[in-house]
Amino acid sequence: MAWWNRRSRSDGTIPTKLDREATREDLTALEEFVASRQGVEFYLEPETTATDTTVMAIAHDGEWIRRRTGNPRVAAKLAHRHAVPLYEAARTGYPDRMRAWNRAHPERRMR
């Protein structure tokens, strides 16, 4: 019976989410990416049980970064402020240029 007791224990030490919340540094990284690259588009990724809402910023050449935004409204405000298009990744998918960039930069995937 001890197995059931351990499994049902709710002492607050087990987090309900596996990942951290969005921080100001996440938003700053997205802003710096937009400012330093051309043709950037944002792809909104919904919150899951493992991670907060994220945005994948993809430049014209396919280079990309993914950062947490906290919620879709924050992502929309950031996109509007920087005049960057915002797409829902679940509806549109990701552009082929991102996959081509990944193939050309395998060292990035090994991090």
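Let's start with Y43, which counts as buried in this predicted model: its relative accessibility is 5%, and the cut-off for being buried is under 20%. Where does Y43 sit, and what does its ring meet? The residue belongs to strand 1, which covers residues 41-45. A search of the whole structure turns up 2 aromatic pairs. In one of them, Y43 and Y87 have their ring centres 5.3 Å apart and their planes at 35°, a tilted arrangement. Because Y87 lies in strand 4 (residues 86-88), this pair ties together parts that are 44 residues apart in sequence.

Y94 counts as partly exposed, at 27% relative accessibility. Taken together, ring pairs join Y43, Y87 and Y94 into a cluster.

Staying in strand 1, have a look at E41. Is E41 buried or exposed? With a relative accessible area of 16%, E41 is buried. Its side chain makes a polar contact with the side chain of R97, at 2.7 Å. Setting aside neighbours within four places in sequence, E41 is in contact with M56, A57, I58, V84, P85, Y87 and R97. Y87, from the tyrosine cluster, is therefore also a contact of E41.

Now turn to the nonpolar interior. In soluble globular proteins, nonpolar side chains tend to be buried together. The largest nonpolar core in this model has 15 residues, and the members that touch the most others are L30, F33, V40, F42, V55 and A57. Two or more residues come from each of helix 2 (24-36), strand 1, strand 2 (54-58) and helix 3 (72-81). Which element gives the most to this core? That is helix 2, with 4 residues. A second, separate core has 7 residues, including Y43, I58, M98 and W101.

Helix 2 deserves a walk of its own. Its 13 residues should span 18 Å at 1.5 Å a residue, and the end C-alpha atoms are 18 Å apart, which agrees. Its buried residues are D26, L27, A29, L30, E31, F33 and V34. These buried residues pack against strand 1, strand 2, strand 3 (64-68) and helix 3.

Finally, how confident is the prediction? The chain averages a pLDDT of 85, and 80% of the residues score at least 70. Residues 4-10 are a stretch to read with this in mind: their pLDDT is below 50, and beyond near neighbours in sequence the stretch has 0 contacts in the model.

Terms used: Residues numbered from 1 in each chain as written. Heavy atoms only, no water. Phe/Tyr/Trp six-rings, centres within 6.5 Å; stacked < 30°, edge-to-face > 60°. Buried < 20%, exposed > 50% of the residue type's maximum accessible area, 1.4 Å probe, protein only. Core = buried A, V, L, I, M, F, W, Y, C linked by side-chain atoms within 4.5 Å. Expected span 1.5 Å × (residues − 1). Contact = heavy atoms within 4.5 Å. pLDDT = per-residue confidence, 0-100. Polar contact = N/O pair within 3.5 Å; in protein donor to acceptor, adjacent residues only side chain to side chain.
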